[in-house]
Amino acid sequence: MEIKVLVAAHKNYQMPTDPLYLPIFVGKDLHPDVNHTFQGDNTGDNISSKNAHYNELTAIYWGWKNVDVDAMGLVHYRRYLSLKGGKSFDNILSMSEAQKLMTEYDVILPKKRNYYIETNKSHYLHAHEHKPFEIMEKVIKTEYPEYAESFDKVMNRTWAHMFNMFIMKRQPLDEYCTWMFDVLSKVESKTDISSYNSYEQRVYGFLSELLLDVWLDQNSQYSTHEVKYVFMEHTNWLVKGGNFLKRKILGHS
């Protein structure tokens, strides 16, 4: 089975040498002179110019439209899937491990993130502008009513598969990307983000993190399997936890 996992990056950074991985410079249309080593997301059929609003989705879109493989996935330049754990390129998922997993499952996911005291909906609304979420909910329930039950179910969970990280066989990948990008396109056409700060203008990337589990719940015919994920740099959990509680108490400002 031919598999390619895209590594989304927006700057120069060390990359794994395993042939499983293909480094992708996201937003190449916007920053043509930053990196000349990684594959740009601006060739063929692409949405590279939307990277400021779509984040790593411009890499997913590019791979979906331009990479002919049996299965494709996405990780980040600092965050990888792994069977072993540990902050080392020696411990990240290898080609042989990925091929073995994909003979058994349709979709590989990172371990779910637990919020415990927050639902996915409340966590999003405490952290981000509310209007795009409300528009997305309306789009799904009017344009894709068959997903309404799954949407409500996932939004009321206290856990999610985050970061837009996955590996999918070609058929579920085609189906997921078709649905997800169509939902976001409809949301984009109805949303004015011109007054948002640069962080909040990354809105469609943020919204998309909620859509993967909605799609998986509705399309439960596809088998899934969780593996560990590793962050290659130090995480200050005290600061991270403090920010989480601050948003919970004060809400989005």
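## A tour of the predicted model

Welcome! You are looking at a predicted model, and its chain averages a pLDDT of 94, with 92% of the residues scoring at least 70.

**Stop 1: the cores.** Select Phe133, Met136, Tyr176, Trp179, Phe181, Val183 and Leu207. Among the 54 residues of the largest nonpolar core, these touch the most other members. Now show helix α8 (residues 203-218), which gives this core its largest share, ten residues. Apart from this core lies another, of 30 residues, including Leu81, Leu93, Ala98 and Met162.

**Stop 2: tyrosine 176.** Which residues does tyrosine 176 touch, not counting those up to four places away in sequence? They are Asn164, Phe166, Met168, Ser208, Leu211, Leu212 and Trp215.

**Stop 3: a ring pair.** The whole structure holds 17 aromatic pairs. For one of them, select tyrosine 54 and tyrosine 204: the pair is tilted, at 5.2 Å centre to centre and 35° between the planes. Tyrosine 54 sits in helix α1 (residues 51-54) and tyrosine 204 in helix α8, 150 residues apart, so the pair links distant parts of the chain. Tyrosine 54 is buried, with a relative accessible area of 2%, and tyrosine 204 is buried with a value of 2% too.

**Stop 4: lysine 28.** Finish in the loop between β2 (21-25) and β3 (39-40), where lysine 28 lies. Lysine 28 is buried yet has no salt bridge; aspartate 33, the nearest side chain of opposite charge, is 6.7 Å away.

Conventions
Residues are numbered from 1 along each chain as its sequence is written. This is a predicted model: local features need pLDDT of at least 70, side-chain atom pairs count only at pLDDT 80 or more; totals for chains, interfaces and linings use all residues. Side-chain values use heavy atoms; hydrogens and water are left out. A nonpolar core is a set of buried Ala, Val, Leu, Ile, Met, Phe, Trp, Tyr and Cys residues joined through side-chain atoms within 4.5 Å. Buried means under 20% relative accessible area, exposed over 50%, partly exposed in between (1.4 Å probe, protein chains only). Helices (H or I, at least four residues) and strands (E, at least two) are DSSP runs, numbered from the N terminus. Contact means heavy atoms within 4.5 Å. pLDDT is the predictor's confidence in each residue, from 0 to 100. Lys and Arg count as positive and Asp and Glu as negative; His and the chain ends are not counted. A salt bridge is a side-chain nitrogen of Lys or Arg within 4 Å of a carboxyl oxygen of Asp or Glu. Rings of Phe, Tyr and Trp (its six-membered ring) pair if their centres lie within 6.5 Å; planes under 30 degrees apart count as stacked, over 60 as edge-to-face and the rest as tilted.
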